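User: Please take a close look at one part of this structure for me. Then place that part in its wider setting.

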Amino acid sequence: MKSSLQQELQTTGDFLALTRANEWSIDSDFSFEVSCKKTQAKSKVSVLDTGIIVFEPLDHVSSKDIVLSCAVHGNETAPIEICTDLVKQLILGDLHLQERVLFLFGNPAAINIGKRFVEENLNRLFSGAHSLPQGDETGLVNKERHRALALENAVRDFFTQGSDISAERQRYHYDLHTAIRGSKNDKFAVYPFRHGQPWKKEQLQFMLACGVNTILLSHSPTTTFSYFSSNEFGADAFTVELGKVRPFGENDMANFAGVTQTLIRFISGEDLQLTDYNSGDFSIFEIYQTINREQENFTLHFADDVENFTDFPQGYLLATDGDIEHRVKKAGEAIIFPNAGVAIGQRALLTVISTDID
Ligand SMILES: O=C(O)CCC(=O)N[C@@H](CCC(=O)O)C(=O)O
Ligand SMILES: [Zn+2]
């Protein structure tokens, strides 16, 4: 028998409402079939937990396993609206499903309070960081740590089950965010550390089709969600920043037409119309300094409205952390993600320098 949750979801397609009504878990998982109105192709829809929903084609063997995540930070609403709309179209049969897709709405409780997180930044808890000792030594494990583990397990199961379907599969994870500050380059993506493997131009072309022409190459492991999927499952993965954080209702969705249309083409198997790689189409940066906050007394020495990708003269004092001074080391070095309010031990600022890929 259909539960009322399932009935509601099948009628409205509104997975965000279901997710928000169940902040940390749902009582029981459920699945159902849908058919595309246009192609009649059947798909299986499985709600595995709150904010965790999988779509799998039933009439053909797919070749791609695609993870799309949003709300890893609860107040980053544009990605939530994009994913909600895609899920709705799939449930209501308005979109053909060609590939397996896992949608993740990372932190439902943080969505409900309109905050980045409830107790702890979820995007610092992956690759097992959720199980490391906590700074406060209380021994209590907060809910975000449980959620990070649940999200890791969902990704692991999804990719592993794909391998049972066919051997030659491609894995992807696009973790969609928005930035706290405005940016000189409005949309940009962090390409997680690949341990010496080449940066993929075809993936950069995919980003370009999404309207993202600025790429930050990361040179070290992190505890972010995109690095987890890249490192542990060989997925082509990015943290994608789609402009500035705004409350629900204040996003101009026309701004996201590129990303929405490209994701639709990708999951419904249409030609992506990717052009050849041309370095002139991109601004590519590499992460140069990662500045963590180590002291209570941490100060940034520029204004709150200074935008991401603003550069400062060599020698400029960017931040003081107790007695330690962090200065610009190289001409053209620019700031990304400054946040003096992060927990002690966490990243308070990145700097980047311009680079190229071969
Ligand atoms: O604007 C900011 O300060 C933060 C925006 C954001 O959430 N960025 C991600 C980037 C993750 C990565 O480096 O791959 C984050 O800080 O978690
Ligand atoms: Zn974010």
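Does His73 count as buried or exposed, and how many C-beta neighbours lie inside 10 Å?

Analyst: A word on the source before the answer. This is a predicted model.

His73 counts as buried, because it has 23 C-beta neighbours inside 10 Å. The cut-off for that label is 20 or more. In the chain, His73 sits in the loop between β4 (64–70) and α3 (77–91). Set aside the residues within four places in sequence. What does His73 then contact? The partners are Ala110, Arg116, Phe117, Asn123 and His177.

Two of those partners return around the ligand. The residues around ligand 1 include His73, Asn123 and His177. Also in that shell are Ala179, Ile180, Arg181, Val190, Thr224, Ser226, Thr239, Phe337 and Asn339. By type, the shell divides into 4 nonpolar, 7 polar and 1 charged.

An unreviewed UniProt entry carries the annotation "binding site" for His73, Glu76 and His177. These residues are spread over 105 residues of sequence, yet they cluster in space, with a largest C-alpha distance of 7.4 Å.

Take Glu76 next. It lies in the loop between β4 and α3, and that is also the loop of His73. Glu76 is buried, because 26 other C-beta atoms lie within 10 Å. Leaving aside neighbours within four places in sequence, Glu76 is in contact with Ala71, His177, Thr178 and Val245.

Now follow the shell to Pro192. Pro192 lies in the loop between β7 (187–191) and α6. It is buried, since 26 other C-beta atoms lie within 10 Å. Not counting residues up to four places away in sequence, Pro192 touches Ser218, Thr222, Thr224, Ser226, Tyr227, Ser230 and Ala237. Among these, Thr224 and Ser226 also belong to the residues around ligand 1. Pro192 and Phe225 are 33 residues apart in sequence, and their C-alpha atoms are 9.6 Å apart in space.

Helix α8 spans residues 257–267, and its buried residues are Val259, Thr262, Leu263, Phe266 and Ile267. Seen down the axis of α8, these fall within an arc of 125°, so they line one face of the helix. The background is simple. An α-helix has 3.6 residues a turn, so residues three or four places apart point the same way. The buried residues of α8 pack against β4, α3, β5 (100–105), α6 (201–209) and β9 (236–244).

Just after α8, Gly269 takes a positive phi of about 75°. Further on, in the loop between α8 and β10 (283–292), comes Gln273. Phi of Gln273 is near 55°, a positive value in a residue other than glycine. Gln273 is exposed, because 9 other C-beta atoms lie within 10 Å. Thr275 is in the loop between α8 and β10 as well. Thr275 is exposed too, because 10 other C-beta atoms lie within 10 Å. How does Thr275 relate to the annotated site? Thr275 and His177 are 98 residues apart in sequence and 25 Å apart in space, C-alpha to C-alpha.

Ser127 is another non-glycine residue with a positive phi, near 55°. Its place is the loop between α4 (108–113) and α5 (143–165). Ser127 is partly exposed, because 17 other C-beta atoms lie within 10 Å.

The unreviewed UniProt entry marks residues 282–353 as "domain: AstE/AspA barrel-sandwich hybrid". Over residues 282–353 the chain is 0% helix and 44% strand, and the end C-alpha atoms are 14 Å apart.

Last, the whole chain. Its secondary structure comes to 8 helices and 15 strands. The radius of gyration is 20 Å, close to the 21 Å that the globule rule gives for 358 residues, so the chain is as compact as a globular protein of that length. Its C-alpha atoms fill a box of roughly 65 × 50 × 40 Å along the principal axes. Of the 358 residues, 42% count as buried, and His73 is one of the buried residues. Among contacts between residues at least 6 apart in sequence, 74% join residues at least 24 apart.

Note on methods: Residues numbered from 1 in each chain as written. Chains lettered and ligands numbered in written order. Predicted model: local features only at pLDDT ≥ 70, side-chain atom pairs only at ≥ 80, totals over all residues. Near = placed C-beta within 6 Å. Nonpolar A, V, L, I, M, F, W, Y, C, P; charged D, E, K, R; others polar. UniProt positions renumbered as here; feature names shortened; annotations may be inferred. Helix = DSSP H or I, 4+ residues; strand = E, 2+ residues; numbered from the N terminus. Buried ≥ 20, exposed ≤ 12 C-beta atoms within 10 Å, placed from the backbone. Contact = placed C-beta atoms within 7 Å. Arc of directions from axis to C-beta. Rg over C-alpha atoms; globule rule 2.2 N^0.38 Å.
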